[in-house]
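Please open the model in your viewer and keep the selection panel at hand. The tour below goes from one selection to the next and says what is there.

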Amino acid sequence: MKIAVILLRWALNFIYFFMKLAPCDNNRVVFLSRQSNTPTDDFLMLKDKLEEIKPDIKIVMFTQRVDGNLKSMLSYGVTTLKSMHHLARARVCVLDAYWPAVSMLKHKDSLAVIQMWHAMGKIKKSGYQSVGKEFGRSSMLAHELRMHRNYDVIIAGGKAFDPFYCASFGVDESVLYNVGLPRMDMLRENTEKCRKQFFEAYPELDGKKLVLYAPTFRKGQRLEPKPLIDAFDFNGRQALIIKRHPNQQLDTDCLGQALTCDKVSTSTVLSVCDCVITDYSAITIEAALLKKPIYFYLFDYEDYISKNGLNVKLFDEFPDSTFTEPEKLMAAISDGRYDHGNYDRFCEKYLPAPGMRATDAICALILDCMKRDKHDAINESIARQNKAGGTMGN
């Protein structure tokens, strides 16, 4: 296995050497994602803004999940070669997860690689933090596939997460640009639009207390929320909406009266719900941006710690809003009890600093890297952000 991976890396670099003989196109930006088969909201918001500012910009996007079956892997192999063709010519690359061709290959010095990690924070361990654990990568693959290498700058969330970004990506804090993600802007600015969209799709839910359950991804497991559903009080005055992680299958046989609201996105439900139930997911940060009460259902806490690990001690941060038993969780939601003091302290600690819109800040960085030396553009952007300072949330 190790020899096969090494040979693959050498072969791709050999092919890429000849691709790089083509001249650089200073007007080209490549977006890469393995999170979904369609462009994410973050990518689309950047694309729209970049085209608004610079109509002649050339934007190329590759978005493809790898499901593990042979057909999917072969298809991704073709996509990888196509992405290499554009990486060899582009001035800027933006990605939101690990993309092997970005980290394995030796690129032109002119290429600026911007890692815009798909989560708004680092509540759970990831990357090099979870190497060797059941939910992480093997040490051999992480090393031979050069996991998370070649990043010039990393778009990060609140500064309290900085040590975890560094540990996850194996980088120094000096490459972190703490401006958050474009969808932060969407969440803040589109609340009324989302409300209209949601209740046009589900008018029967208007006037009810809406409880959103959105758990994190668990590798190799199916989402089975039956204990939570059984504990929920379907009394006609409230509704439970379950949104699975895009990479996770849901056991639909146990749904009963629970809803999935497939006509709308998770972010749309987040904008209209009255409270959020989650676990180790970074949706916590998105909910906090909207000032939604957050409850934590950690039914597998010890197991998750051993298989993946956490950066944020949720029992310490939210002592009165963290549960392992669904009955106690649902009783707290029904009673309306909530610890707003700890909630406010969490927001101050972990939310990105207020200031420039994330979309504007990232687009400005991309355009600056296209015009001049990437190191100067990145260092000056980070210096300005650090001068603005602060970790205070909104």
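**Stops on the tour**

Begin by selecting D42 and R183, whose side chains meet in a salt bridge at 2.5 Å, N to O, a salt bridge being a side-chain nitrogen of Lys or Arg within 4 Å of a carboxyl oxygen of Asp or Glu. D42 lies in helix α2 (residues 41–53) and R183 in helix α7 (residues 182–189), so the pair ties together parts that are 141 residues apart in sequence. D42 and R183 are both buried, where buried means under 20% relative accessible area, exposed over 50%, and partly exposed in between, with a 1.4 Å probe and protein chains only.

A word on the source: this is a predicted model, in which local features need pLDDT of at least 70 and side-chain atom pairs count only at pLDDT 80 or more, while totals for chains, interfaces and linings use all residues. Residues are numbered from 1 along each chain as its sequence is written, and side-chain values use heavy atoms, with hydrogens and water left out.

Next, select R9 and E144, where the side chains form a salt bridge of 3.0 Å, N to O. Because R9 belongs to helix α1 (residues 2–19) and E144 to helix α5 (residues 139–144), the pair ties together parts that are 135 residues apart in sequence. R9 is buried, at a relative accessible area of 8%, and E144 is buried as well, at 6%.

Then move to R372 and E380, a salt bridge in which the closest N and O atoms are 2.8 Å apart. Here R372 is partly exposed, with a relative accessible area of 27%, and E380 is also partly exposed, at 36%.

**Zooming out**

Now colour the whole chain by secondary structure, which comes to 17 helices and 11 strands; these are DSSP runs numbered from the N terminus, helices being H or I of at least four residues and strands E of at least two. Over the whole structure, a search finds 26 salt bridges. Along its principal axes the C-alpha trace spans about 65 × 45 × 40 Å, and buried residues make up 55% of the 394 residues.
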